[in-house]
Amino acid sequence: MAAYAQYPSLKDRVVFVSGGGTGIGAAFVEAFARQGARVAFVDIAEAPSRALADRLAAEGLHRPHVQMCDVTDSDAYARAIARAAAEAGPIRVLLNNAARDDRHKIEDVTPEYWDKCLAVNLKHQFFATRAVAPIMAEAGGGSVINMGSISWMRGRDIFIGYATSKSAINGMTRCLARELGPRNIRVNCLVPGAIVTERQTQLWRDPDADRQFLEAQCLKYRLDPGHCARMALFLASDDSDGCSGQNFIVDGGLV
């Protein structure tokens with residue numbers, strides 16, 4: 001059984017995760033809880049979110065602070081972040097994780113769908129970062145981890161709205177890192193590749209897809225949410241205090 005790093009700097013640190021109830025987000029919540037961090041998260045899926053918090057608390061870990069919130073409602077999301085900081089403590093780590101990688105052809109994209117796609121995949125990352133920046137600065141600094149995707153690097157042809165959003169996060173990360181650096185706030189982008197989640201398995205995974213990914217990757221095994229979570233732990237910890245404005249790709253060598 002693999003033994004992974006424990007980061008002393010993460011103990012009791014307040015971590016906020018968007019979309020933390022399922023998939024990669026749930027892996028973030030659990031990984032940080034196991035580091036002794038105090039985790040707060042939002043999601044729109046209530047049942048799995050509550051179940052995750054209950055399970056971690058039953059194991060003797062800090063119970064995650066859970067709120068139901070649609071991150072595309074900027075005002076409601078700002079209030080949720082403020083409540084989390086008031087109840088859990090000053091937020092020192094922000095994981096901008098919430099997203100939807102729905103497949104679509106360009107002929108099916110309406111102006112309304114385009115706006116909705118950018119709202120759920122891009123817009124909330126900026127406004128959450130703006131909301132936590134003064135909290136982090138007052139606490140002495142922090143780490144913002146934006147979630148990108150290799151989809152735009154590969155030029156995938158089935159979700160242009162999603163890929164466009166994720167490519168914009170690259171530029172946003174670099175600009176925010178420059179602006180927030182003087183406040184001792186680091187901003188980086190974690191860029192997942194083909195990660196096997198329950199959603200991917202239910203909707204799109206099959207033996208042929210597995211074969212194609214393995215042929216394209218340098219590493220010949222499928223990646224899971226834990227691979228992303230371990231990179232996030234490093235970027236959130238003081239061990240990465242020299243890293244900002246960068247993309248950290250976790251894709252098994254796919255691009």
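In this predicted model, helices H1 and H9 pack at an angle of about 50°, and their axes are 9 Å apart. H1 and H9 are therefore oblique to each other. Their crossing is right-handed. On the H1 side the contact is formed by Gly 23, Ile 24, Ala 27, Phe 28, Ala 31 and Phe 32. H9 contributes Pro 225, Gly 226, Cys 228, Ala 229, Ala 232, Leu 233 and Ala 236. Sorted by class, the contact of H1 with H9 has 11 nonpolar and 2 polar residues, and no charged ones.

H1 (residues 23-34) also packs on H2 (residues 46-58), at an angle of about 20° and with the axes 11 Å apart. An angle under 35 degrees counts as roughly parallel, and H1 and H2 are therefore roughly parallel to each other. H1 passes H2 in a right-handed crossing. From H1, the residues Ala 26, Val 29, Glu 30, Ala 33 and Arg 34 meet Leu 52, Arg 55 and Leu 56 of H2. By class, this contact of H1 with H2 has 5 nonpolar and 3 charged residues, with no polar ones.

| Helix pair | Angle | Axis separation |
|---|---|---|
| H1 and H9 | about 50° | 9 Å |
| H1 and H2 | about 20° | 11 Å |

Next, the nonpolar cores. The largest of them has 35 residues, and Val 17, Phe 28, Phe 32, Leu 95 and Leu 190 have the most contacts inside it. Two or more residues of this core come from each of strand S1 (14-18), H1, strand S2 (38-43), H2, strand S4 (91-96), strand S5 (142-147), helix H9 (225-236) and strand S7 (247-250). H1 gives the largest share of this core, 8 residues. In soluble globular proteins, nonpolar side chains tend to be buried together.

Leu 190 is in contact with Phe 28 of H1 and with residues including Cys 228 and Ala 232 of H9. A second, separate core has 34 residues, among them Val 71, Ala 84, Ala 133 and Cys 189.

His 124 belongs to helix H4 (residues 111-139). With a relative accessible area of 1%, His 124 is buried, since the cut-off for buried is under 20%. Not counting residues up to four places away in sequence, His 124 touches Ser 18, Val 71, Tyr 77, Asn 96, Ala 98 and Ala 119. One of these, Val 71, is in the second core.

Conventions. Residues numbered from 1 in each chain as written. Predicted model: local features only at pLDDT ≥ 70, side-chain atom pairs only at ≥ 80, totals over all residues. Heavy atoms only, no water. Axes fitted to C-alpha atoms, helices over the stretch in contact; angles between N-to-C directions. Helix = DSSP H or I, 4+ residues; strand = E, 2+ residues; numbered from the N terminus. Parallel < 35°, antiparallel > 145°, perpendicular 65-115°, else oblique. Left-handed = near helix turned anticlockwise from the far one by under 90°. Contact = heavy atoms within 4.5 Å. Nonpolar A, V, L, I, M, F, W, Y, C, P; charged D, E, K, R; others polar. Core = buried A, V, L, I, M, F, W, Y, C linked by side-chain atoms within 4.5 Å. Buried < 20%, exposed > 50% of the residue type's maximum accessible area, 1.4 Å probe, protein only.
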